Amino acid sequence: MSTPLLEIKNLHVRVEDNEILKGVNLTLNRGEVHAIMGRNGSGKSTLSYVLAGKDDYEVTEGEILFNGEDLLAMEPDERAAAGVFLAFQYPIEIPGVSTMTFLKAAINGQRKARGEAELTTPEFMKAVKDAAGLLEIKQDMLKRPLNVGFSGGEKKRAEILQMALLQPQLCILDETDSGLDIDALKVVSEGVNKLRSADRSMLVITHYQRLLNYIVPDLVHVFSAGRVVETGDKSLALELEAKGYADFDETNAA
Ligand SMILES: Nc1ncnc2c1ncn2[C@@H]1O[C@H](COP(=O)(O)OP(=O)(O)OP(=O)(O)O)[C@@H](O)[C@H]1O
Ligand SMILES: [Mg+2]
């Protein structure tokens, strides 16, 4: 059995003196897609930020192994170059930097960090055109400053566009479905599904079972009060939809 892509073991994390993650255990094998569902404030985004390496999170216990290596010892840019990608719940606006310029800097920055040749402008333009076409993103949007004035759904598409170009090993999607209209949900899900492969894994955070009809997960984890309290197959999402989280809160209190 090969090393899992991601192993989170007994992870405890504090933010400003509050313990937010309280012993998260999760193993993601290569090629697998796992969904994480859980109440507002249960710590899902906190987990995604800790994986990406955002500042201000204090890991007090536990470890995260990425390809068997200590992820927490790596800087955020090293993690990105190693193939960790987070599609933000709330994408950040970058005034003054066109989406195109941002994407080129991101992709070539990572290639450089890995010791690979940078993409030439024609190579880059073709890659963007192909990925944008797939996600039905208009070319004129790419000339606008990243996320500035983008609608909620446009921001989410722009996140997936970045992901499609960067071809990460670990894709973390934090509520990528929220704010997408019904047609956009299908388009974005198809874009995500095209990226599924035997050597790429995904953590898909969502509140809505409907997304999982399109992006069918191998496993579903229920998050409650800072840890995984239940893991099951995709039927667990249907059970949650029908019953809510109350049953799982009890599990957590026990
Ligand atoms: N900087 C901070 N200071 C204090 N508390 C914080 C900070 N960041 C997060 N928290 C708290 O940590 C808890 C977990 O937040 P998090 O954003 O991870 O939840 P979530 O599961 O992603 O929720 P949602 O489903 O609403 O997106 C919340 O109670 C939040 O208020
Ligand atoms: Mg969140």
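This is a predicted model: local features need pLDDT of at least 70, side-chain atom pairs count only at pLDDT 80 or more; totals for chains, interfaces and linings use all residues.
Tyr49, by contrast, is buried, at a relative accessible area of 16%. The ring centres of Tyr49 and Phe88 lie 6.2 Å apart and their planes meet at 40 degrees, so the pair is tilted. Tyr49 belongs to helix α1 (residues 44–52), whereas Phe88 sits in the loop between β6 (84–87) and β7 (94–98); the pair therefore ties together parts that are 39 residues apart in sequence.

The whole structure contains 2 aromatic pairs. Lys54 lies over the face of Tyr49, 4.3 Å from the ring centre.

## The surroundings of ligand 1

Ligand 1 is surrounded by 15 residues, of which Gly41, Lys44, Ser45, Thr46 and His207 are the closest. By class, the shell comprises 2 nonpolar, 9 polar and 4 charged residues. Helix α1 provides the largest share, 3 residues, and both β2 (18–28) and α1 supply at least two residues each.

Oxygen atoms of ligand 1 take part in several contacts. A backbone N or O atom of Gly41 is 2.8 Å from one such oxygen atom, and a polar side-chain atom of Gln89 is 3.0 Å from an oxygen atom of the ligand. For Glu175, an N or O atom of the side chain lies 3.3 Å from an oxygen atom of ligand 1. On its own, ligand 1 has 640 Å² of accessible area, and the protein covers 64% of this.

Conventions:
Residues are numbered from 1 along each chain as its sequence is written. Chains are lettered from A and ligands numbered from 1 in the order in which they are written. Side-chain values use heavy atoms; hydrogens and water are left out. Rings of Phe, Tyr and Trp (its six-membered ring) pair if their centres lie within 6.5 Å; planes under 30 degrees apart count as stacked, over 60 as edge-to-face and the rest as tilted. Buried means under 20% relative accessible area, exposed over 50%, partly exposed in between (1.4 Å probe, protein chains only). Helices (H or I, at least four residues) and strands (E, at least two) are DSSP runs, numbered from the N terminus. A charge sits over a ring if NZ of Lys or CZ of Arg is within 6 Å of the ring centre and within 35 degrees of the ring normal. A residue is near a molecule or strand if one of its heavy atoms lies within 4 Å of it. A polar contact is a pair of N or O atoms within 3.5 Å; within protein, one must be able to donate a hydrogen and the other to accept it, and residues adjacent in sequence count only if both atoms are side-chain atoms. Accessible areas come from the Shrake-Rupley method with a 1.4 Å probe; for residues, only the protein chains shown count as cover. Ala, Val, Leu, Ile, Met, Phe, Trp, Tyr, Cys and Pro count as nonpolar, Asp, Glu, Lys and Arg as charged, and the others, Gly among them, as polar.
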